[in-house]
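Subject: Structure for your review

Dear colleague,

Please find below the structure that I am handing over to you. My notes on it follow directly after.

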Amino acid sequence: MSAHPQLRRRAEAAAARLPALLARADTLANTVLLGEHGRRRSGLGDDFWQYRPVQPGDSYRMIDWRRSAKSDAQFVRQKEWQIAQSVALWIDDAASMRYASHKDLPTKADRARLLALAISILLIRAGERVGLTGPTLPPRRGDGQIWRLTEALMQDGATDYGVPEARALIPRSRALFISDFLGDFDAFEFALAKAADRGVRGVILQVLDPSEAEFPFRGRTIFESMGAEVFHETRKANELKDRYQSRLQDRQRQLRALARATGWQYHWHHTDAPVQSALLWLYRAMERGH
Amino acid sequence: MLGLPLAFSAPWVLTALIALPILWFLLRAVPPAPIRKRFPGVVLLLGLQDDESTMDRTPWWLLLMRMLLIAAVIIGFSGPVLQPDGAAPSGRPLLVVMDGDWAAGPGWARDRAAIEDALAEAERTGRTAAMLRLTAPEPAQFLPAGVWVRRVAEFAPLPWTPSETGIATAISALPDDDFDTLWVSSGLAYVGRTDMLAALEARGQVAVLQRAAPLLALDDVSLADGVLTLSTQKLGPGAAAQTVSVIGEDPNGAEVALAQAEVQWGAARAEQSEVQFALPAEMRGRISHFRIDGVSSAGARFMTDDRIRRREVALVEVRGDREGLELLSPTHFLRQALVESAEVIDGAIPDIIPANPDVIILADVAALAPSEEARLLEWTENGGLLLRFAGPQMAASDLSRAEENPLMPVRLRAGGRTVGGAMSWGEPKALAPFSPQGPFAGLKVPDDVRVTAQVLAQPDPNLADRVLAELNDGTPLVTRKPVGAGQVVLFHVTANAEWSGLPLSGLFVQMLDRLAVLSAGSADAAEIMAGTIWTPIEVLDGLGRIQDGQTLTGVEGAALLSAPLSAALRPGVYRDGGKTAARNVLRKGEKITLFDWPAHVAISEGAAATAKELKPYFLSLALVLLLADTLAALILAGRLSNWRTALIAFALVAAPSPGDAQATGTLPGTDEIALAYVLTGNAALDDLSYAGLYGLSDMLYMRTSVEPVNPVGVDLAQDELAFYPFLYWPISPDQSLPSDTAYEKLNDYLRSGGLILFDTRDADVAELGASSPNGRKLQAIARALDIPALEPVPGDHVLTRTFYLLQDFPGRYAGRGVWVEAAPPDAEQIEGMPFRNLNDGVTPVVIGGNDWAAAWATDTRGTHLYPVGRGSTGARQRELAYRFGINLIMHVLTGNYKSDQVHVPALLDRLGQ
């Protein structure tokens, strides 16, 4: 009783968030679906897509004799592209993501989860298989996977800064990394290189709090990381602003360079910006991946 | 000092100023404290160095402010004093002489401040001092002046004047050494003041402090013709105007001002003024005293007694067997008019005259025995008021026919007359307006009062003088004749509505009032008072405040009338049997005069410039600087990021409103269930209660779906009880009784479904009852509680089966007596049912002495804190104690739910059809 007097209440509150996040993600996903029309292209699949005249290079096996017999020309029967791609997500769950500079702003983790879930919904509806990097939740399709993803995304990590999980990536699949990328850069580089070695391409989205971009601090301050493992003391914080921002730009430049080198795409998003724009960019970036 | 009239009471403290430069360097070296901020971007900051030029030292203006702050504190504590007049003190001891009489009351607050200033001054200059109050003289005792400063309040004015003997003892007790005198005078002249002055002047300088405001006093109240006349005195130069209030109880029993009037006094040195109050007799009966508003003096309050209060009125009527004809009774309307405001006595004349009533009313009594007539005459001559009413019997008799009866104001014609009847001419007669000189002057005559019959007066030469009221045809209606010190009044109509409508009208009561039937001042005769002992009920103190006098000794009647006031005879209200008498500061006709000081005595009005302490100013300055420093430090540290928060913070710091404390008090336990216990003020007992309820809460959490949060201690005086369904109240002999408001709350709580478990915790030594101190305490506490009839828990009480099946309710002790609300007497066991059909609802109290909390008590790790029994029986007993607790909480939360199951067979039966 007394050790956890509010346990039931808290559990209910936490459980209540799950559908809420899902609902938000769903709503968000719908805003994108309205403007897009699925994947209309030929490829491997079961459903009929179109007949096209035979072109040089087509083997005889590809000619659809039944259609060709109705006319003088030969036609090739094409089916709609139905090969499902696998998409692996890595959403940073470290303590640094649970930061919001103002009570009206969502935490970075909240924004990252929302975006991840929304894009997952879009992808799964488009027939893709979505999962998490690492062995915990391999990519699967279907609505049930949305629930499993939601549940997995709600977990909070214990570390101060996130390290990307690049194990168990399916070769030549796609990946989405969302983080603040403030942690050890070498680890990112290593993970991305490892992914690129397997032919995985994908998208890096850096989510930042506005205060992390602006650095609006003044006076004598001791800055602590969210886990209080790292701290820095300054006598006059406002003096540090320029140098901090140049370091942040360096980090972003490095990320962009790394992305270019590995064939990934990079973008940043601030938590005070509209979430739709980020999702739209994400969606198109995922589309372009092919 | 330094050319300024400045002195320090503790100059050595100033040496601390030397430390200021050291402080300067220390403060300069220490930068403002940093704030800690969570910021994930910190990794990007690692390794960045601050510029050397950035600020790491406190700015000079902040340093200067802090220096000023410290300096202000040091100077403040060194006790700076500003002395505008450099008058050299004589160095001799100081004697403060106070008249201390009632006239000093209004100026006491100012006098007191002046005396304290003088004593403080004497203390600074190292003089000893003594105080002497002439109304209660004690030998002067010269002590360090600081001792007296704290005792000035003991020398408040007393409600009498200094007596001659008192002055003589004071003079003889004066020390022989030289001293200076400060005489705080009320200005009143009394015997011995000149002697005292001479004695004091022989020993040193005498300075007199006397306020210039005029002295106001009330000296008498008289009642004439229903109007209260209050006479007042004013002494001293200057005109004055004050409100005089008549204080008494309103119909609800609260003390209010029944009437108020403005009194003006002229500018002459001694002025008298009168003010009149015309109050209905009923209201007059409620007056407790008169007061000059805003003057705190025993002389400005006038206590009243029987003289303006209820009077004894005897009703005498003809005996007749007019059974049941209540409204036709000659005295019915009289009784109705009198009963509100007077004491009514019934009886025959021989019986009532010894009671010496103020008024005797004869309603249509014609024939009196000669002896009765003689005694009645004697009584009237001694000041009685004999009021007679006419009637058929009087009209038919020969009373006062041929010659005037001594007990009749006029001679009567035979037979009377009837007007406006079936067998007579004319219209019924109305009343003529009252003459402006008579006692009824100013009363309004209602139009609807008609007289149809009357007895007629013979037109004698003296008739015109005796008529008080007449009809509009000039025939007398009311006549009056003085008899000795008293008077005889005759109404020429009946006292009932038979002959006229007069008794039915409001005018009748007003006329009786004017005739002083309802109240009048009968002089306090000395012989009545002789030999009686009067006990004080309420007495006045020197400031005119009313105090309980029941603890004082009684006073002889003669002394009450004439002896001067003293400690043994205080002004106030005294009682002897049913009579009350008031003694006031001034007796009727007593004149007071002002004392004329000889020309050589210097008189000041107390506004003398005294030394001014600067300590508070310096400390306030330090406080303001501290506030500014705090704000500046916050701003420098970047904690107040914008000016708006700074402004809000400043407003909060600068103007803390009393509501702040209220707003922060949240109400815990409003969204979760919490078991509560009453805070008894005994810390060990409160801890036990907490631990006990903690253990029980744990057990509930484990075993049931009730999941309480931590127990809550409830302060009955302040906390809201409505949030707690269950209250554990351990009894200890030393806890205090709840206040009245707390009792109100508790009764509300019990009535609205709360349950209190009273635990006397002494079942090992005593049965429930008054046999132990805890039991007696419980009785005292529960006396004011709304507790229904109780009975020991019956075997089929719902408490025995709300969760567990129980028959015993042991705690740490396994006593027998656990009491709950009694079942209704008509509860019966239905055939075939295991239980009786019992009352609804929850028993509001459970009373026992088994010390349950001790059996339940655990610490946060679940370890039991108190041993229960021995071995496995002990463990069983503790288990049963927990089961009782669980049953009890279930009973509180589910009420008679388990009791309802007795209906199950009936319901099943019905469904089975």
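Two strands are taken to pair if DSSP finds at least two bridges between them. In this predicted model, strand E7 of chain A and strand E2 (residues 35-38) of chain B meet that condition, pairing in the parallel sense over four bridges. Within this pairing, B:Ile35 in E2(B) is the bridge partner of A:Thr221.

The contact between the two chains involves 33 residues of chain A and 34 residues of chain B. On the side of chain A that touches chain B, the elements giving two or more residues are strand E7 (221-224), strand E8 (231-234) and helix H7 (241-262). Of these, H7(A) gives the most, with five residues. By residue class, this side of chain A comprises 14 nonpolar, seven polar and 12 charged residues.

Turning to chain B, there are 25 helices and 40 strands. Buried residues account for 37% of its 913 residues. Of the contacts in chain B between residues at least 6 apart in sequence, 75% join residues at least 24 apart.

One sheet of chain B may be of interest. It is an open sheet of four strands in the order E12-E11-E14-E15, with antiparallel pairing. Strand E12 (255-265) and strand E15 (301-303) are its edge strands, each pairing on one side only. Neighbouring strands of the sheet are turned against each other by 20 degrees on average, direction ignored. Within the sheet, strand E11 (residues 240-249) and strand E14 (residues 287-292) of chain B form an antiparallel pair over five bridges. There, B:Ser245 has B:Arg291 in E14(B) as its bridge partner.

Yours sincerely

Conventions. Residues numbered from 1 in each chain as written. Chains lettered and ligands numbered in written order. Predicted model: local features only at pLDDT ≥ 70, side-chain atom pairs only at ≥ 80, totals over all residues. Axes fitted to C-alpha atoms, helices over the stretch in contact; angles between N-to-C directions. Buried ≥ 20, exposed ≤ 12 C-beta atoms within 10 Å, placed from the backbone. Contact = placed C-beta atoms within 7 Å. Nonpolar A, V, L, I, M, F, W, Y, C, P; charged D, E, K, R; others polar.
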